[in-house]
Amino acid sequence: MSQHEYRIETLGIVGSGAMGRGIAQIAALGGLNVCLYDTNPKALAAARAYLSETLAKLTAKGKLKEADAHAALARIRDAGDTSELSGCDAIVEAIVENLDIKRELFRELEAVVGEDCILASNTSSLSITAIAAGCANPARVAGFHFFNPVPLMRVVEVIDGLRGDPRAGDALMTLARRMGHTPVRAKDMPGFIVNHAGRGMNTEGLRVASEGVASFADIDRIMREQAGFRLGPFELLDLTALDVSHPVMESIYHQFYEEPRFRPSPITGTRLAGGLIGRKAGAGFYRYVDGKPQVPEEAPAPTQLPAHVWISRASHAGREQVLKLIAKSDAACHIDAGHTPAPDSLIVVTPLGSDATTAALAEHLDPARVVAVDTLFALDTVARRTIMTTPATTPAMRDAAHALFAADGVPVTVIRDSTGFVAQRVVATIVNIGCDIAQQGIATPEDIDLAVTLGLGYPRGPLALGDALGASTILTILRNIHDVLGDPRYRPSPWLARRAQLGLSLTHIEELR
């Protein structure tokens, strides 16, 4: 291998499916010469027709000049066999997710390309180091992981294998920017950044559902309207489809040697076996009619307010939120200011990470009158609120609390008792996994947040989300969930615990000599 920097002007692409043709499109529009190859000539012809039609549509919509569209299409040529890729400066494979097949392809490519040609894999789940191990020169092998649809998902993960030349990764970072994408750098670990960080939302949403806490639709509503995510976990699983997402969940879990944080759920395995895989099948966690999910309507909120409300003082911040909301909504109820609740008062608790039962027993409260409200996201700013009951809470007290917290017109979801409600535990899991990615040095805090916001569409990256809510708050939630359930999936990452206790930002990197 020569010592000069890699220069990429001609890009080879092997595989002309959705990923391959998407990469070809952005590469050609970025001014690169593209050589597209597929073992199936019909697939290659279909890809060229698709690219021609797509560029024409962009032109018709005014998003692309006609001359630029023609020039981009002219820069894409088809290859009849791999020997025609010999002049490429880099080649990206976008073929089937099979280690042996990818290794065989890379060995074949090594025999025809120049010694300074980078060989990159678009794999989403296989080890770059393992792919490179089948090559005579593993230094030039790297990961270049795009997301579907490539032209719209403007982030790409650049992955360095253990024997990779960092200059190859540097060149791919530059190439990504030339193609209009934002590159993030990752070490070769299962799931890289995005698929690794994405375990929090889906696996914890499934865990909540498996405990019978709330319905799929209610969990999605809470994550959208209370926590501010674009999609809830089950909407997201229906979009990606279980025939794709369930194997990824199992793969990452096993690649991390049964790490509890990534434990899959039998819910998805059963639904996959039954063909309820998602939107593309017309049925998943929702039924779809003309592509639209059929979501059950919510019952109207009760209107009978409680006569008296006693609010726990265990959390000063939580109590102040409830008092502020009641004052703002002009709810006609009396605040019971006694040290202990009066015999007829609704009892409101505001736990972080604990369930309503644990909160009630900790203060020696009557569990039949206790209702908990989630205050992680400010009650006066959210588009939805969540309350939960103990198994002993009476229907009258449940309905009175529902009426109280819905008095200003904001919808309220009532859930069964849960350690950390829904939003607390899902968000805390997301933050915790992001922190552990940083702890393992898989990527920088900046790239973790960047990859997650661009690749998953979250309102903030996991570390920024933790900082916005308070790292100490997230730590409290996780510790309390862990104390109640005893499940190691909730053990706090050292990255989170240390920074929370020191009052540091979760993006803080200590200086090492």
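Predicted model: local features only at pLDDT ≥ 70, side-chain atom pairs only at ≥ 80, totals over all residues.
Local features need pLDDT of at least 70 and side-chain atom pairs count only at pLDDT 80 or more, while totals for chains, interfaces and linings use all residues. Residues are numbered from 1 along each chain as its sequence is written, and side-chain values use heavy atoms, with hydrogens and water left out.

View 1. Helices (H or I, at least four residues) and strands (E, at least two) are DSSP runs, numbered from the N terminus. Along its principal axes, the C-alpha trace spans about 85 × 60 × 40 Å.

**View 2. Buried residues make up 54% of the 513 in the chain.** Buried means under 20% relative accessible area, exposed over 50%, and partly exposed in between (1.4 Å probe, protein chains only). Of the contacts (heavy atoms within 4.5 Å) between residues at least 6 apart in sequence, 71% join residues at least 24 apart.

**View 3. Glutamine 440 sits in the loop between helix 16 (423-439) and helix 17 (445-456).** Have a look at its surroundings: leaving aside residues up to four places away in sequence, glutamine 440 touches Lys187, Met189, His196 and Phe256. Glutamine 440 counts as partly exposed, at 27% relative accessibility.

**View 4. Glutamine 440 and tryptophan 495 are 55 residues apart in sequence.** In space, their C-alpha atoms are 9.2 Å apart.
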